[in-house]
Amino acid sequence: MPMGYLATTALFTWCTFFAVVAPRRPRPLATLSFWFGLGLNEVPFVGIYVLVASTALAAAQGDLNSAGARVTAVVAAVAAVGLAVSAWRGLRTDQVVGRALEQGLGAGWRDRVRVPLRRHRPWARILLLPGPMRRRDVQRIPNIRYGDAGRRNLLDIYRRRDAPQNGPVLIYFHGGGYTGGAKNREARPLLYQLAGQGWVCISANYRLRPQTTFPGHQIDAKKVIAWVREHAPEYGADPSRLFVAGSSAGSNLASLCALTPNDPKFQPGFESTDTSVTAAICLYGYYGHYFGDPPDEPPPPLQPQGYIHPGAPPFLIAHGTKDALATVEGARNFVDQLRRTSGSPVVYAELPGGQHAFDVFHSPRFEAVVDGVEAFAAWVLAASQRTPDSTR
């Protein structure tokens, strides 16, 4: 019995189960689903490559003659089929995002976009190198200080190396449940893609628990916006075209920033700074009560639903149906409340088979979301340049 082949097949079959089935209840099983299933759910091609290669190697070495080895080969084949199902779900994201844009922006939204959009995804990178992120045409300027909280108040800037002027700005906040995470972990395919198109992208750390609590994280997020208002032109950015984005807890931060422009509670000491934003992009966000006991009495409103108002900016929200850590039901509820109250477009893409942290790799799923974000942002920027009469 080839033990190496058995161990490889067992490991990948275990991970494939959590990638394909992705149980969300009970909580311990959901946690296992996230940690063991995320990788293969986003890059199932890698798992198929390994299973096929290990089976071919075992066959070439004559190790498939025993009954146990043949059973292992059957299990490997079943796991490969499961990974193919996962890949098919990821490939469907393209159609899902397209329908979400049409529903949120209107059937003729493409006619209003004035910039060329990406026609072909980077399939060589998706299939062969889904992990590496760097692009030769994009410069990353790391660890710029925007506050006085040490490394938790640092940000990175992504911009094209030829430093074009007056580019739109995207501020991104990482996830981590307000207890962990870092500015160089998630959504990097999005940051590099937009930077390559002339945007100036900023990914920022912020203070975490127990160093701070509500509204400390939110104040830090507003400080980043204030820093952009003052310093963005130095890096070729136009701070009047400012988008906020985030993943998980960072999505909670981004949405709250978008819904509380110039609220003095969230910008003590810089109350006069304009912290309004052009639009918000929320990826697998948590939309519920703040973690832990809030320090003020009475408790703050439900975040971010308690701050929704008719003048909210446009939103793009993407959430996976298999999210084990932040429920898709919570995203649906947030979208429903936004659509009932806000006068701006709300684009909601519910991603089939999508797990939490789907933005870590160059996967078919996230590359489709990146294209959707670029299209949404182009539409919003074009719409902001039109007069009210021109939209009729």
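Helices here are DSSP runs of H or I with at least four residues, strands are DSSP runs of E with at least two, and both are numbered from the N terminus. This is a predicted model in which local features need pLDDT of at least 70 and side-chain atom pairs count only at pLDDT 80 or more, while totals for chains, interfaces and linings use all residues. Residues are numbered from 1 along each chain as its sequence is written, and side-chain values use heavy atoms, with hydrogens and water left out.

**Close-up 1. R365 in helix α11.** We start with R365, which sits in α11, the helix of residues 364-385. V96 is 269 residues from R365 in sequence, yet the two C-alpha atoms are 10 Å apart in space.

Close-up 2. A cavity is a set of points, on a 1 Å grid over the protein atoms alone, where a 1.4 Å probe fits but cannot get out; lining residues have an atom within 4 Å of a point. Grid points are joined across faces, edges and corners, and a volume is the space filled by probe spheres set on the points. Helices α2 (27-42), α4 (67-91) and α11 each bring at least two lining residues, and α4 gives the most, with three. By class, that makes three nonpolar, four polar and two charged residues. Nonpolar covers Ala, Val, Leu, Ile, Met, Phe, Trp, Tyr, Cys and Pro, charged covers Asp, Glu, Lys and Arg, and the others, Gly among them, are polar.

Close-up 3. Around it are V97, L316, A318, V347, A349, V369, G372 and V373. Strands β7 (315-320) and β8 (346-351) join α11 in supplying at least two residues each, with α11 giving the most, at three. The lining has seven nonpolar residues, one polar and no charged ones.

**Close-up 4. The largest pocket.** A pocket is an open set of grid points with protein on both sides within 12 Å along at least five of seven lines. The largest holds about 460 Å³ of space. Its lining numbers 20 residues, and closest to the centre are F34, G176, S248, L325 and H356. Ten of the lining residues are nonpolar, seven polar and three charged.

**Close-up 5. Strand β3 and its partners.** Seven of the seven residues of β3 (residues 167-173) are buried, so this strand is largely enclosed by the rest of the structure. Strands pair if DSSP finds at least two bridges between them. Six bridges tie β3 to the parallel strand β5 (residues 237-247), where Y172 has A245 as its bridge partner. Together with helix α7 (residues 188-196), β3 and β4 make a right-handed β-α-β unit: with the strands pointing away from the viewer, the path from the first strand over the helix to the second runs clockwise.

How values were computed: Buried < 20%, exposed > 50% of the residue type's maximum accessible area, 1.4 Å probe, protein only.
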